[in-house]
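Student: I have a model open and want to go through some local details. Can we start?

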Amino acid sequence: MNLERLRKRVRQYLDQQQYQSALFWADKVASLSHEEPQDIYWLAQCLYLTAQYHRAAHALRSRKLDKLYESCRYLAARCHYAAKEHQQALDILDMEEPINKRLFEKYLKDDSGLKDTPNDWEMSQSSIKSSICLLRGKIYDALDNRTLATYSYKEALKLDVYCFEAFDLLTSHHMLTAQEEKELLESLPLNKLCTEEQELLRFLFENKLKKYNKPSETIIPESVDGLQENLDVVVSLAERHYYNCDFKMCYKLTSVVMEKDPFHANCLPVHIGTLVELNKANGKNFSVNS
């Protein structure tokens with residue numbers, strides 16, 4: 001029996017959003033492999049994606065995989081978070097670090113030249129750690145502990161500078177002052193973690209942070225030419241015009257975005273707010289189908 005081929009079929013169905021088919025075959029592969037950890041992990045992933053959160057967590061925790069593998073601990077906690085069992089999710093994240101992570105770190109000390117290699121089934125240790133910090137932040141948010149949520153999001157972003165979700169949660173929820181936002185951007189290890197895309201990330205993050213600044217022409221670095229027409233970049237510029245009370249220019253920009261993408265989540269509130277300010281909020285200019 002070629003289990004690798006069946007494992008690839010599970011991934012294929014996951015990529016095609018055919019979660020029930022993926023679950024069917026993940027369950028069979030887990031039995032055929034005599035419950036190899038990686039197959040139980042993918043079985044739990046399929047259960048999670050079919051909203052069977054308690055089954056997914058049980059599949060991992062009953063076999064104590066959450067105590068052995070960091071990715072299993074993360075997925076088990078994510079299941080309880082999805083089920084709105086926030087304290088239980090937090091307890092899982094805060095338990096003693098999995099054995100394989102401690103062994104991995106010991107191995108790193110024994111071989112200082114070793115880099116952060118893929119572990120726990122296609123997820124690097126730094127990626128898993130960042131994901132755990134992000135999830136911990138969401139849990140603290142749900143528990144109304146903004147101080148610890150803010151700290152967790154910052155840690156997630158420092159571990160994975162590409163983690164826009166952590167950056168967005170920090171900035172869009174007004175968790176930081178303007179000075180703290182600037183300090184956060186300066187503290188990110190961009191030169192260490194993303195040497196090739198450093199200029200791209202800096203431009204995108206700075207563009208999101210300047211919503212209260214005086215509007216000016218967006219300067220696109222030569223290395224990322226083409227982003228001037230990106231809808232997210234245009235919306236950020238529109239927000240600056242909105243907060244500086246230049247509603248006509250804001251309306252002009254948001255109208256362009258709405259024409260191209262009428263369901264753009266970040267543009268909708270700015271566009272509607274501008275319509276209200278210009279007394280144009282009527283059926284002729286904008287309508288929402290219920």
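Student: Is Phe247 buried or exposed?
Tutor: Phe247 is buried, with a relative accessible area of 16%. Buried means under 20% relative accessible area, exposed over 50%, and partly exposed in between (1.4 Å probe, protein chains only). This is a predicted model, where local features need pLDDT of at least 70, side-chain atom pairs count only at pLDDT 80 or more, and totals for chains, interfaces and linings use all residues. Residues are numbered from 1 along each chain as its sequence is written, and side-chain values use heavy atoms, with hydrogens and water left out.

Student: How many aromatic pairs does the structure hold?
Tutor: Seven. One of them is Tyr242 with Tyr243, edge-to-face because the ring centres are 5.4 Å apart and the planes are at 85 degrees. Rings of Phe, Tyr and Trp (its six-membered ring) pair if their centres lie within 6.5 Å; planes over 60 degrees apart count as edge-to-face, under 30 as stacked and the rest as tilted.

Student: And which pair has its planes at 70 degrees?
Tutor: Tyr242 and Phe247, with ring centres 5.5 Å apart, so that pair is edge-to-face. Tyr242 is partly exposed at 21%, and Tyr243 is partly exposed at 39%.

Student: Different topic. Where does Cys245 lie?
Tutor: In the loop between helix 14 (231–243) and helix 15 (247–260). Helices are DSSP runs (H or I, at least four residues), numbered from the N terminus. Cys245 is exposed, at 56% relative accessibility.

Student: What is the phi of Cys245?
Tutor: Positive, about 65 degrees, although Cys245 is not a glycine. Most residues other than glycine have a negative phi.

How values were computed
Helix = DSSP H or I, 4+ residues; strand = E, 2+ residues; numbered from the N terminus.
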